[in-house]
Amino acid sequence: MKRHISRKEFLKEMGLLSLLIAAEGHCLSPKNKGEEKADIRGHVFKNDAPKSLWKWSKEGFHYTTNGKDVQCMVCPNRCYLTPGDRSVCRSKINIGGKLYSLAYGNPCAVHIDPIEKKPLSHFYPATLVFSIAAAGCNFRCLNCQNWEISQRKPEEVHHHELFPADVVRITKEKNIPSIAYTYSEPISYYEYMYDTARLAREEGIKNVWVTNGYINKRPLEDLTKYLDAANVNLKSFDDDTYRRLNGGRLQPVLNTFKLLHEKGVWFEMTTLVVPGYIDKPEMIKRMCGWILKELGPDYPLHFLRFSPRYKLNRLPATPVKTLELLRDIAIKEGIHYVYLGNVPSHDAYNTYCHNCHKILIKRVGYNIAEFNINNGKCKFCKTPIPGRWS
Amino acid sequence: MGFVSDSPEFGNRNSEAFVVLMNLTNLIIISIIGAGISSIAVQIITVREFLSQFSGNEITISLVLFCWLMVSGLGSLASKFFKKKSVTFYSILALIIGLLPLIQIIAIRFFRDTIFIHGESPGFYPIFFFILILSAPYTFLIGFILPYSLTVIRAKGREFTSGALYITDNIGDITGGILFSFILVYFFNHFKIIALTSLLLILISLVLIICLKRYLLFLVAFLSVTLFFALAFEKRFELWTLSNQYGPNIVNYQESPYGRIVLTKEIEQYTFWESGTPTFSTFNVINSEEKVHYPLCQLDKIEDVLLVSGGMGETFNEILKYSPRRIDYVELDPALIKVASQYGLLSPGGKVTIIPTDGRKYITNSNKKYSAIILDLPEPDTFQINRFYTSEFFDKAKRILKKDGILSFSLIANPTYLSEVRVKKLSSIFNTVKKYFHNVLLIPGEEVYFLASDGKLTADIPLKLRKRSITTSYIDGFYYGNVTKERIKSINESINPDEFINTDFHPRVINIMFKEWFKKYGTSPNWFIATLIGLLVFYVSLIKREEYLLFSTGFAVMGVEMLILFSFQVIYGCIYLKVGAIITCFLLGLLPGAVLGNRWKKRGKDMLIMAEVGMILLLMTYLIWVTFYQSMMPEIVFFLYGFTFSMLCGVQFPVAAEIIGEKKSPAAGLFAADLVGAGAGTLAIGTLLIPLLGIQAAIIALIFIKIASTFVILKR
């Protein structure tokens, strides 16, 4: 017998269908604002540690242990590792109740760069810097340009063998004044950086830290003893954006700035202007307000032009006008030195005296066409120019 | 005819005359054609939509087709267990199938940027699940309705075989394929195409509901249909659905046969988006200077320059600094040229000739000789683009270069650290191009630039520019700091001379690019493949022999379709224009095949084996051609080949149905076997075998599968 569908049954079926669609919609709908926010932070790799240590292992600094489990205290991730686990940054492991770094003396990238490339515009301009990186990072930035080393384990990359003494020796042989810990995230190879920096300081070589600034107070205090300069990313001034695009939090980075300032380490700040996320004038105003209040107007701020890369490749490049607008805002708010990056030939590559506004350093890319600073002062109005000058 | 007027649904005898006129079962049959028309158009649009949302490579295409065919198969299978035989239910179902595509496309656009982070390209598994979830409701229903229609028609007492249903469905598919590929895609955007191709199905559904005298239902249906058409034809609504992805500043949007073109303007910056990827933004000085000056400064005298793609922005101005006699600019998509010109992004001037054609086709057929050929193309992660990085292509390019002329192109790689997979990619391309040029130099700029020439090459670009008194914004100041001697040495020394050569029919680089893609997301497709193989083995172990035959035939026909698309792509390059024609040829072949099969179905097993042998012979012919000739073949040969192959497949469906027996209502199981096989074939041949092992291995695999199915039938 064929069955007749009554109107009531039809309405019931349509109702069920609507419920189904609504349920599907609910499952697929974005998380409610204020509840669970998108967060791409990394996780501990359970049972991922190698069975034994290798030549480039070193017992970690700054960790606690109960004899079995360990907790790394270098960065705010504070990875709690049971035996055989690997940290978020991929470089630290727990073997036998001790924390070990697998990134010690095995840099995967070794290059000689202009100091301006870090970018540092007020730190011995036109000098070279011996730059090294080992694998690993405590963030998960979607736009990372060095993801092939930052998002890899030390065992997964091919590397050189340069222990701290070797790095210092080569830098000295090549007559290069500084060493930069850069490209990936140096916090993930903290022990290697720390030991190299200590030896470098003994040899009169300067240490430059290029970082996301996601580090705890104690390890940073130790490190600042040997640091001469840093370029710290201030990726956003919004915690939600930090979680969404970088897998980190804002506050620890702000703490890093305050500590560097307190310890007298020269630093410059870099903000990559990602369209739709980090291009809001209101946020930049708040950011500048915080900088002025906590750090003062003298630390240079670099706005970099974003271009699509890695996983964040479905966004356009930042409009140059947006960068100019943000620079104007920052200057108007009171930051003395605001630069634009990734926009070749732009006037904002030059350094202008914050007092008389005349050109102090005229730059043609990494080259210097004009240099008007004498003994750290403006040649024209004699105002002291913040930074480290020869 | 088998109309049953005493159905409880047609209790009102006063309406009998009207109903007889309309003939209910005929309406259902017409609606099957309507569903066919709509489903083919929706399938192509869905592929294009997902391509615009995710990576535009073959993995995405295969995943969409795979999900489509698999879930359709599930839908078909589900209808086997669905006992209700109601025309009302059928009408509602048909109406939903008519309306759902618009909701599906809107959902894809809306959820893309709400589930994933705005601007992010997700990895393999998130893409797979996103495609699966969002396409499942429609594909399940479209798979369900076909065998269900047969159940309903038979319940009304009309004789209608699975073979006849298969033919009816094919008529709809063919009409949809022709309509989309030859007419609609040239004139309309996606929403309108959906509305137009769903029209027949929606109208028939409405008529069915009226015939059933379901007036309340009709009212709801009518309002839904009105809303559907109002939304589909409202341009502002369509633009609004795109604003999630592109932002609110869309100044131009169109769907060309080659993909989606969107132009946005933020403050003063224009950005061109091709199929969802930002391909060009104004004020991109670094790219313009690197791609032009690295090759051109190497030459003492520059006469004619050929630029393949990438002509927007500052490119021509940079080339003109060398005062060439003329510049030929080849760009594939005329729509792109039109939009760029309209907004002043392409201002070529008197020395430039714009040639709207495929770059490889132009280079193959050109009789001119050029001082330099500059390719500005995306990464070779699709068959379409890989054709510009193969041994055969470099040979052709060399032919149209003057003595000591230069060829240049670039690939993405980070000179700070070269990963193993990127060394493989660079090495494969290096070794391939080195076959034809005495000197190949890699320059690690923002991308890695390949310069290939028989003349001398130097990496000291600023020095060369100074000698010509050419000034630049980027190279002058940044080159020595970024492209250091140590980086140049390191990248050139990283090349592995033993890495495989990349050829048209053995596209090693696509395989490497797929690996790079998976590396980027730290995932592996192995779990997916293993699960799939497990499920397929389980499925195959459960089905009847005849169903296995159809499974293997579905596998083979989609596999051959992939082979033809790929070969056609390699030889002619204009695949986006011809893809509709090729798919239509396959669909066209099924129809006479099914008719013949229907006529000779009593011959049973012999008929099946004849078709099997025919397919094996055709595959062997293909293998011989690929192995020994690989020569230019007239387009018509490919079309005829596809037609013949699918005709042999078409023969098998009604015969297999006859063998199992109509009384057992085999349509659902047979359709499911055909669709599941087709899904597996698409994925296995298109995504795995061709890129991993080459086209010959893919053909051999298909031959083995067909031999196995022949044995299965012989043993029956």
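Which residue of S17(A) is the bridge partner of Lys362(A)? In this predicted model, in which local features require pLDDT of at least 70 and side-chain atom pairs count only at pLDDT 80 or more, while totals for chains, interfaces and linings use all residues, the partner of Lys362(A) is Glu370(A). Residues are numbered from 1 along each chain as its sequence is written, and chains are lettered from A and ligands numbered from 1 in the order in which they are written.

The bridge between Lys362(A) and Glu370(A) belongs to the pairing of strand S16 (residues 359–364) of chain A with S17(A), which is antiparallel and extends over four bridges. Helices (H or I, at least four residues) and strands (E, at least two) are DSSP runs numbered from the N terminus, and two strands are taken to pair if DSSP finds at least two bridges between them. An open, antiparallel sheet of three strands in chain A has the order S15-S16-S17. Its edges are S15 and strand S17 (367–371) of chain A, each of which has a single partner strand, so one side of each lacks a neighbour in the sheet.

Chain A also contains an open sheet of three strands in the order S1-S6-S5, again with antiparallel pairing. Here the edge strands are S1 and strand S5 (92–95) of chain A, each pairing on one side only. S5(A) and S6(A) run antiparallel and are joined by four bridges; across this pairing, Ile95(A) has Lys98(A) in S6(A) as its bridge partner. Strands of a sheet pair through backbone hydrogen bonds, in either the parallel or the antiparallel sense.

Helix H4 (residues 190–202) of chain A comprises 13 residues and reaches 18 Å from its first C-alpha to its last, close to the expected 18 Å at 1.5 Å a residue; the expected span is 1.5 Å times one less than the number of residues in the helix. H4(A) is mostly covered, with ten of its 13 residues buried. A residue is classed as buried if 20 or more other C-beta atoms lie within 10 Å of its own, as exposed if 12 or fewer do, and as partly exposed in between, with C-beta atoms placed from the backbone. Among the buried residues of H4(A) are Tyr190(A), Tyr192(A), Met193(A), Tyr194(A) and Leu199(A), together with the charged residues Glu191(A) and Asp195(A). The elements covering them include strand S1 (58–59), strand S6 (98–101), helix H3 (164–173), strand S9 (178–181), strand S10 (206–211) and helix H5 (217–224) of chain A. Just after H4(A), Gly204(A) adopts a positive phi of about 80°.

Several backbone features lie in loops. Most residues other than glycine have a negative phi, and most peptide bonds are trans. The peptide bond from Lys118(A) to Pro119(A) is cis, with omega near -5°, and Pro119(A) is placed in the loop between strand S7 (109–114) and strand S8 (128–133) of chain A. Asn342(A), a residue other than glycine, has a positive phi near 65° and is found in the loop between strand S14 (338–341) and strand S15 (351–352) of chain A. Asn342(A) counts as buried because it has 22 C-beta neighbours inside 10 Å. Ser323(B) likewise has a positive phi, near 45°, in the loop between helix H11 (315–320) and strand S6 (326–330) of chain B. With 10 C-beta neighbours inside 10 Å, Ser323(B) counts as exposed.

The secondary structure of chain B amounts to 27 helices and eleven strands. The radius of gyration of chain B is 28 Å, close to the 27 Å that the globule rule gives for 716 residues, so chain B is as compact as a globular protein of that length; the radius is taken over C-alpha atoms, and the rule is 2.2 Å times the number of residues to the power 0.38. Along its principal axes, the C-alpha trace of chain B spans about 95 × 60 × 45 Å. Of the 716 residues in chain B, 56% are buried.

At the interface, 48 residues of chain B are in contact with 44 residues of chain A, contact being defined by C-beta atoms, placed from the backbone, that lie within 7 Å. The largest share of the side of chain B that touches chain A, five residues, comes from H4(B). The residues of this side divide into 16 nonpolar, 23 polar and nine charged, where Ala, Val, Leu, Ile, Met, Phe, Trp, Tyr, Cys and Pro count as nonpolar, Asp, Glu, Lys and Arg as charged, and the others, Gly among them, as polar.

Conventions:
Contact = placed C-beta atoms within 7 Å.
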